Structures are given as structure tokens and as C-alpha cells.
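Please keep the sequence and the structure in view while working through the points.

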Amino acid sequence: MNVLEEPIKEPIEIKNYIDGEWVESEGEYKDIVNPATGKVIGTVPISTQAEFNQAVESAQEAFPYWRSMPPVARARCLFRLKDLLEENFEELSRIQTMEHGKTIDESRGETRRGIENVEVATGIPSLMQGDYLEDIASGIDEYLIRQPLGTFGVITPFNFPFMIGLWFAPYAVATGNCVVLKPSSEDPFCQTKIAELVEEAGIPPGVWNVVNGGRTVVSEMLDHPDIQGVCFVGSTPVGRDVIFKRCGATGKRVIAQTGAKNFALVMPDADLDRTIAACMTSFYGNAGQRCLANANLVIVGEGLTKKEHEAFYQKVVDKFVAAATNIQMGYGLDESIQMGPLRDVGKKEKVVGYIEKGIAEGATLKLDGREFELVGDWPRDAFLGPTVFEDVTPDMIIAQEEIFGPVANMMKADNLDRAIEMIHDNPFGNAASIFTGNGKWARQVRYEVKCGNIGINVGVAAPMAFFPFSGMKDSFFGTEHGQGTEAIRFFTESKVVIERWF
Ligand code: NAD
């Protein structure tokens with residue numbers, strides 16, 4: 001065991017970043033525990049309405065100056081931010097592991113993916129360009145320009161504490177808007193560090209604010225007349241019933257990227273070794289706390305007899321269980337570790353509740369993650385080992401609901417049509433994968449499946465920053481998605497000018 005140096009040595013009291021100042025909140029503070037070591041690593045404030053309002057006020061004051069700064073100059077600020085993020089790459093990654101529990105490799109991947117959004121946003125002088133057509137009628141020209149709107153709110157979940165804020169904030173500020181970001185109160189350290197780098201990069205006061213907290217801040221954000229739009233990533237009940245509805249009622253733009261229950265289909269011609277390797281990172285990466293994690297593995301008997309299908313199913317399940325059994329679990333700052341704990345004890349209890357439900361509804365527990373070995377002498381409270389259920393049917397609760405933990409369901413479908421039907425019977429539509437060597441089957445999945453992100457021989461279909469992070473059905477509420485050109489459209493108003501000179 002070789003644990004890397006921890007960047008958080010003493011508990012940190014998180015402050016808000018408002019109008020370029022680090023401000024202590026008057027709200028209550030709550031402890032944040034490193035889920036692997038059980039140690040308190042800091043406290044986060046549950047900020048007040050007044051504090052949120054101050055942030056909006058400062059953003060509104062900064063907006064006229066910031067929007068009139070040439071896009072190329074705004075881009076230079078983002079280039080500086082990108083350089084600073086690179087310089088602090090390892091520290092930012094280790095902070096994620098400490099505040100969230102994921103392995104250092106997973107954190108480094110998250111840091112890379114987050115920074116890529118800043119890179120894309122530096123292209124704003126090209127990305128924000130409009131359109132022009134001469135002579136729409138004789139001597140009359142028409143053009144479209146994209147203009148920023150003002151102040152946007154960003155609300156992030158706990159599972160990617162570094163990256164998700166960067167799906168939105170760099171695009172918002174690159175287009176000339178200001179932001180108030182509310183990180184998850186469960187792991188806010190990275191967003192504090194990013195704001196320190198924002199300050200160092202010379203992004204003017206008021207343009208990028210961070211107000212920590214929970215529902216009070218969110219509720220104020222949804223009602224505030226100066227907030228033009230809200231970007232939310234989190235669970236479906238909050239995204240749909242709180243954020244989307246309220247934004248509709250108050251007339252705000254909204255992106256709400258929400259929960260998931262993703263299917264992976266294994267076809268009889270799949271390269272099984274590579275498929276199982278991809279499944280391990282997909283099902284158990286981030287301890288299953290990923291909206292792109294696969295959760296239901298459907299072993300498809302297309303073209304097989306019943307007997308052959310059964311044998312194929314057993315082979316896949318055995319390989320899956322053997323690989324899952326070998327996953328090394330412990331503190332993610334040890335580079336040999338492949339899976340960390342869940343974010344906290346409460347989340348583990350919720351997942352254990354689902355394991356109990358699965359047993360009660362008749363699924364066979366093939367690998368029980370409640371019994372596990374740990375590398376290192378860490379408190380076991382938030383850890384839960386890889387779990388595998390067999391004989392899972394689509395109507396079972398464990399197959400329908402988002403468990404958000406290291407639980408894999410083994411399922412069967414006689415053919416590809418039936419497997420796709422199973423995906424469509426599920427309320428979510430975030431991602432789906434197919435493992436096959438057959439282009440026709442792969443195309444059928446790409447063409448028919450109602451999910452926003454499709455993996456073909458890829459277990460985690462995570463869009464790069466220059467593509468939208470998509471999602472359908474109960475996994476997304478809104479029109480434009482985060483990242484890339486859709487984010488640029490979300491953060492700008494299209495203005496059309498028709499021009500004639502006498
Ligand atoms: P969550 O919904 O509990 O919290 C998300 C954010 O909303 C947090 O900042 C939280 O403080 C705030 N919040 C929570 N309850 C609220 C309420 N009642 N009113 C107002 N604000 C509230 O989600 P989480 O547990 O932090 O994150 C996990 C969820 O996020 C999973 O469902 C996962 O699938 C989803 N997720 C989706 C995507 C995607 O792109 N579709 C990406 C990552 C995570």
C-alpha cells in the first residue's frame with residue numbers, strides 16, 4: 001500500500017466567493033468527511049438567501065463591463081485559467097479523491113474531462129459567431145448575432161465535484177455572461193479551488209461567483225428575477241419536479257440533466273475479454289456513482305437456440321463475477337486501488353437497501369458486496385464491494401430504479417428487438433451500450449434506442465467537451481444540453497437584424 005500525499009492536511013472552512021472576495025457565510029456549517037478515512041476534512045456553509053442575492057447583485061454589476069470585453073480578451077482569461085488548472089492538475093485530482101472517495105485514476109480522468117471544457121470555451125471568438133446573408137431582398141441584408149443574457153445559476157451534484165461545474169460555467173462566461181455556482185454541499189472543495197484559480201486568472205470580480213449551500217440557495221436562484229437561466233445536474237425528482245417546473249413557472253431557460261439506469265447489451269459475437277474489462281469500469285467505476293454507469297447487463301441470445309443462449313449467459317456471468325471479485329478496494333489515494341468507497345454512509349445504506357430489495361423480489365445474489373476485503377486498515381463504514389445479481393427481470397425494482405452504487409444486474413433477452421424493448425420500458429434514457437462485432441446490430445441500437453449517449457463496444461459513453469452531454473426521457477429536461485455548441489446556444493440570445501440603407 002502506498003498512499004499519495006493528501007493535499008488537504010488540516011480541516012478547511014469553506015468560504016463563498018462573491019464579487020471577487022472570499023466571504024465567510026452567516027449560515028450554519030456542516031462537516032465534510034473523507035469517506036475512505038472517516039476523517040473530517042472541512043466544513044461547508046449552508047448559505048443564506050441574502051448571500052445568494054449579494055452574489056447576483058455583484059454579477060449584475062460586472063455584466064455590462066464583461067459583456068463588452070472583446071470575446072478574444074475573454075478567451076485569454078480562459079486560456080490563463082486552463083494553464084492554471086493544468087499546473088494544479090494533480091492537486092485538484094487528489095482533492096476529488098479526498099472529498100468524494102473515487103480512485104486517483106478516476107479523479108485524474110475527471111480533471112482532464114473538466115479542463116477540456118475550458119479548452120473548448122477558449123474558442124469563443126469562432127464559436128459565438130452569427131450568420132449573415134446579403135440581399136434577402138434587393139439592397140437589404142439580414143444577419144444574426146449572439147448576445148449574452150446576464151446572470152446564470154449552476155447547480156452541481158456530488159458525483160463529479162470538479163467536472164460538472166465546468167460543463168457550464170466556462171461557456172457562460174466565455175459568451176459574456178456571469179455565473180453564480182452552487183456546488184454540491186457534500187464535496188465543495190474542488191469548486192473552491194477552481195474559484196481561487198479563476199481569481200488568479202484575472203477573471204474580474206463578480207463574473208464567476210460560488211455560493212455554497214442547499215435548498216435555500218437553490219430556491220432563491222429559481223425565483224430570482226435577475227437569474228436568466230439555470231443549469232442543473234442531479235437526481236430526476238429534483239431536476240424534474242423542482243428545477244424544471246419552477247424554471248417554467250418563472251420563465252427561465254433551463255438545462256436539467258438527471259438520473260439514469262443504463263443498459264449494456266452483450267451479443268453472442270462480442271469479444272468477451274474486452275467486453276468484461278469495459279464492464280468493470282462501467283459498472284464499478286466511481287463505485288457505480290456515475291450517471292453513465294451501466295447497471296443492467298443484458299445477455300442477448302440473437303440467433304442462438306435456448307440451450308446455446310443459456311450456456312452463453314452462464315459464460316458471461318461467470319466471467320463478470322470472476323472479474324468483479326478481483327477488484328481491489330481501498331483508499332483511492334493508493335494508486336493500486338480500483339474502487340473507492342461510496343460518498344458517505346447514508347448512500348451506502350441506500351444501496352444496501354436495494355440489495356435487500358433484490359433478494360426479496362427473487363433475484364439471485366451471485367456476489368454479495370456487503371462482505372468485502374479492504375486493502376488497508378480503513379474504517380469500513382462507507383465501503384461496499386462489487387455486487388452481482390442473477391436472474392433479474394425487467395419488472396424488478398432493482399432493474400427499474402437508479403441504485404447509484406456498485407450493483408450489477410444480469411438479465412436475459414431472446415433477441416435484440418426484445419433487449420431494445422427492455423431499454424424502452426425503463427423510464428430513463430441516459431445511455432446504452434452494445435458489445436458486438438456485427439455492424440447491423442450496432443446500427444440498430446444507434447438508430448432505434450431512445451437514449452442520449454450510445455456506446456458501441458464502449459462501456460462509458462461520455463461525450464467529449466465539443467459534443468453535447470445528451471440524455472432523453474427521465475434523464476433530461478430542457479432543450480439544449482451542457483457542453484459544446486449547445487451550451488453556447490443556451491447561454492446566448494439570437495438577435496436578428498434586417499438592414500437597409502437609403
Ligand atoms: P441531488 O439531486 O440530490 O442534488 C443535486 C443538487 O441539487 C445538489 O447541489 C443539491 O444540493 C441540490 N438539491 C438536492 N435536493 C434539492 C431540493 N430538494 N431542492 C433544491 N435543491 C436540491 O443529486 P446528487 O445525489 O448530488 O447526484 C446524483 C444524481 O445526479 C444521480 O441521479 C445521477 O444520475 C445524477 N447525475 C446526472 C448526470 C447527467 O448528466 N445526467 C450527471 C451526473 C449525475
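1. A residue is called buried when its relative accessible area is under 20%, exposed when it is over 50%, and partly exposed in between, with a 1.4 Å probe and protein chains only. By this rule, buried residues form 59% of the 502 residues in the protein.

2. The model is predicted, so local features need pLDDT of at least 70 and side-chain atom pairs count only at pLDDT 80 or more, while totals for chains, interfaces and linings use all residues. Residues are numbered from 1 along each chain as its sequence is written, and side-chain values use heavy atoms, leaving out hydrogens and water.

3. The protein contains 16 helices and 23 strands; these are DSSP runs numbered from the N terminus, helices being H or I with at least four residues and strands E with at least two.

4. The C-alpha trace spans about 80 × 65 × 40 Å along its principal axes. Contact means heavy atoms within 4.5 Å. Of the contacts with a separation of 6 or more, 75% join residues 24 or more positions apart.

5. Where does Val-23 lie? Val-23 belongs to strand 3, which covers residues 21-23. Val-23 is partly exposed because its relative accessible area is 29%. Neighbours within four places in sequence aside, Val-23 is in contact with Lys-15, Asn-16 and Ile-18. Gly-405 is 382 residues from Val-23 along the chain, and their C-alpha atoms are separated by 36 Å.
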